[in-house]
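Here are my notes from a pass through the model you sent. Have the coordinates open while you read.

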Amino acid sequence: MSKGRIIFLNGVTSAGKTSIVEALQDREDVFFYVVANDLFQEMVGERWLRKDYWKELSRVVLLMYRTAKLLSDEGCDVLIDGILVERPQFGGHLDKLLDIMKDSPLEIVEVACPLEICRARNIARGDRYEAQSEEQAALMAPGIPYALRVETDLHTPEECAERIVSALMRKDTP
């Protein structure tokens, strides 16, 4: 059985990752299982996150990557909706992701959007704080090996989804 592709949509909050996930799931020509930082973070519980946020987040995010790898190993295509940040508590988070996925067909997509637009989206959403995107951008891991960049301020989620499918799904399986 061939492994499923793993496409990691990486970007700060309100950059448009989840909107792209939804546009991909609405398509008839591809099917993905989705794992997301937000969904896995909910597994921890508020009490434990308040006690040591970065420790617990690091643990659950690594579990998310292992879940994506397991799905891929079973032949399923997987989308990861997340953000690659580096914190001392993570201890080389990007390196850990790449190590977990070393034998998997992982491709990382940069979901880009100007921070002032993300700020406005955070305010409109109401479930993020205004400066959250800027804070995450400052923590973004350096040297991420991107396969593709999509810009959500210039293109709709559907157009971004098409770019991802055209560039990453229609090429020969590794």
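**Notes on the predicted model**

1. Let me start with helix 5: strand 1, helix 4 (53–73) and strand 4 (106–112) are among the elements that cover its buried residues. Buried here means under 20% relative accessible area, with exposed over 50% and partly exposed in between (1.4 Å probe, protein chains only). Helices (H or I, at least four residues) and strands (E, at least two) are DSSP runs numbered from the N terminus, and covering is judged by contact, meaning heavy atoms within 4.5 Å.

2. Some housekeeping. This is a predicted model, where local features need pLDDT of at least 70 and side-chain atom pairs count only at pLDDT 80 or more, while totals for chains, interfaces and linings use all residues. Residues are numbered from 1 along each chain as its sequence is written, and side-chain values use heavy atoms, with hydrogens and water left out.

3. Back to helix 5: which of its residues are buried? They are His93, Leu94, Leu97 and Ile100. Looking down the axis, these buried residues fall within an arc of 130 degrees, so they line one face of helix 5. The arc is taken from the directions that run from the helix axis to the C-beta atoms.

4. His93 sits in helix 5, which spans residues 93–100, and its relative accessible area is 1%, so His93 is buried. Leaving out residues up to four places away in sequence, His93 touches Val61, Leu62, Tyr65, Leu84, Val85 and Glu86.

5. Lys96 is also placed in helix 5, but counts as partly exposed because its relative accessibility is 32%.

6. Gly82 belongs to strand 3 (residues 78–82) and counts as buried at 2% relative accessibility. Its contacts, again not counting residues up to four places away in sequence, are Phe8, Leu9, Asn10, Gly11, Lys17 and Asn37. Met140 is 58 residues from Gly82 along the chain, and their C-alpha atoms are separated by 11 Å.

7. Take a look at the loop between strand 1 and helix 1 (17–25), where Ser14 lies. Phi of Ser14 is near 70 degrees, a positive value in a residue other than glycine. Ser14 is buried, with a relative accessible area of 8%.

8. Arg5 is in the segment before strand 1 (6–10). Is Arg5 buried or exposed? Arg5 counts as buried, at 6% relative accessibility. Its side chain reaches the backbone oxygen of Leu168 at 3.4 Å.

9. On to helix 7 (residues 132–139), where Gln132, Ser133 and Gln136 are buried. They cover an arc of only 95 degrees around the axis, which puts them on the same side of helix 7. These buried residues pack against helix 6 (115–125).

10. For that pair, the axes come within 8 Å and cross at roughly 135 degrees, which makes helix 6 oblique to helix 7. Axes are lines fitted to C-alpha atoms, for helices over the stretch in contact, with angles from 0 to 180 degrees between N-to-C directions; under 35 degrees counts as roughly parallel, over 145 as roughly antiparallel, 65 to 115 as roughly perpendicular and the rest as oblique. Leu115, Cys118, Arg119 and Asn122 of helix 6 make the contact with Gln132, Ser133, Glu134 and Ala137 of helix 7.

Note on methods:
A polar contact is a pair of N or O atoms within 3.5 Å; within protein, one must be able to donate a hydrogen and the other to accept it, and residues adjacent in sequence count only if both atoms are side-chain atoms.
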